[in-house]
Amino acid sequence: MNKPRIYIAMHYMEIGGAESSLIGLLEALDPKRVDIDLFIYSHQGVFMNAIPDYVNVLPEIRIWSTMEKPMKKVLLMGYPQMVLARLIAKWRTKRFYKRNPTDLPHCAGFAYIGEGCAKVVPSLKKFGTYDLAISYMNPHDFVLKHVSAKRKIAWIHTDYNQISINVEKELPIWGAYDKIISISKDVTQAFLRVFPTLMGKIVECENMMPKRWIEKNATSKTVEADYRREGVVTLCSVGRISYAKNYDNIPHIAAELKKIGGKDFKFHWFIVGPGNHSNIDSVAKELGVDDVITFLGPSDNPYPYIKNCDIYVHPSRYEGKSIVVREAQILCKPVIITNYPTAKSQINNGADGIICELDNTKIAEAIHYLAIDKEKQQQLINYLQSHDNAGINEVEKIYKLIE
């Protein structure tokens, strides 16, 4: 008897939370139970090497790989139709926000990009009909329109309370899927406030984490010599420099921490991730904390930095459900996160991490408290060592969608 066939679509395999959780899903799927085809629009990123060998990676199709490349490069590659589709999507997005001004991050572009680009890429129905097709990242138009499958599901990775979208444009896309996978109860609630008619389609499924990959890479290289110093508390944060991550407030938090700790409290905060930090550097210098904050830039392997820190700090304004927090927990690090709307679905406060208020002084107080309380640090570590943070059993929910 033939095994069920699963198709999974992903943009690329750069370092990121969704990419990490996808590797976790692939590790959890049993090749004895299912055949897996993975279609990656652009074969790039360090996580390409993390794909299990039993997964059939479908060949890259050149025009599909251009959706996130610089438009000048796409034009030189010979795809003016893709450039035109993206330019029209950009114009329509700007027009939407001109009519619907908001202070929230602008995410309506996904709908316009999905709608426009789906018209110029070729169909993938040549790969046959699947028992289950999974669209792992927005825009979800592509799996819906170009893949043949008995059932189709789409994944939610973000908190819909914290972004601005074109609801009218997105609703028909989400609604056309058989099921929608939500990564947490809070993410579900936020999504249903925006799309209440889709309640019957939701299936909650925690992110599955690639534990083997994380642990292996955490010891695959040594960190810089000055990353850990005797008598200095090493703080680490990982993620792209963006409004959501709240890194612009790190200088203010560090200044408060210096006040609270006094001259005898030594710490250094390292931030791993891409993005422009020149404005943050300027503020750090003005506040006199530039000596305790270091931006390490992007890294293909941030895990050694997490493994070798004393405390992992995640000061986000909002998250769907942070992958990197789970990664830090897998590496058994004491974690502090802010009380963003989905925080309580992420951490059991006091048991496997600390939740503090989204306030610079409160964050500084939480860091100082945990840094000096070695007994509390060990309690958190002991709990993490004795519990499964990878969520592998969640894969059974995916199998049930095939039945």
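Which residues do ring pairs link into a cluster? The cluster is made up of Y7, F39, Y41, W64, Y130 and F142. This is a predicted model, in which local features need pLDDT of at least 70 and side-chain atom pairs count only at pLDDT 80 or more, while totals for chains, interfaces and linings use all residues. Residues are numbered from 1 along each chain as its sequence is written, and side-chain values use heavy atoms, with hydrogens and water left out.

**Aromatic pairs**

- The structure holds 18 aromatic pairs, where rings of Phe, Tyr and Trp (its six-membered ring) pair if their centres lie within 6.5 Å, and planes under 30 degrees apart count as stacked, over 60 as edge-to-face and the rest as tilted.
- One of these pairs is formed by Y7 and F39, which are stacked at 6.5 Å centre to centre with 25° between the planes.
- Because Y7 lies in strand 1 (residues 5-10) and F39 in strand 2 (residues 35-40), the pair ties together parts that are 32 residues apart in sequence; helices (H or I, at least four residues) and strands (E, at least two) are DSSP runs, numbered from the N terminus.
- Y7 counts as buried at 1% relative accessibility, and F39 is buried with a relative accessible area of 0%, where buried means under 20% relative accessible area, exposed over 50% and partly exposed in between (1.4 Å probe, protein chains only).
- The rings of Y136 and W155 have centres 4.7 Å apart and planes at 45°, so this pair is tilted.
- Y136, in the loop between strand 5 (132-135) and helix 5 (141-146), and W155, in strand 7 (residues 152-156), are 19 residues apart, and their pair links distant parts of the chain.
- Y136 counts as buried at 1% relative accessibility, and W155 counts as buried at 2%.

**Charges over rings**

- The charged end of R33 sits over the ring of Y399, 3.7 Å from its centre, the criterion being that NZ of Lys or CZ of Arg is within 6 Å of the ring centre and within 35 degrees of the ring normal.
- The charged end of R317 sits over the ring of Y243, at 4.2 Å from the ring centre.

**Helix packing**

- Helix 3 (residues 80-99) and helix 4 (residues 109-117) pack at an angle of about 150°, with their axes 8 Å apart; axes are lines fitted to C-alpha atoms, for helices over the stretch in contact, and angles run from 0 to 180 degrees between N-to-C directions.
- Helix 3 and helix 4 are therefore roughly antiparallel to each other, since angles under 35 degrees count as roughly parallel, over 145 as roughly antiparallel, 65 to 115 as roughly perpendicular and the rest as oblique.
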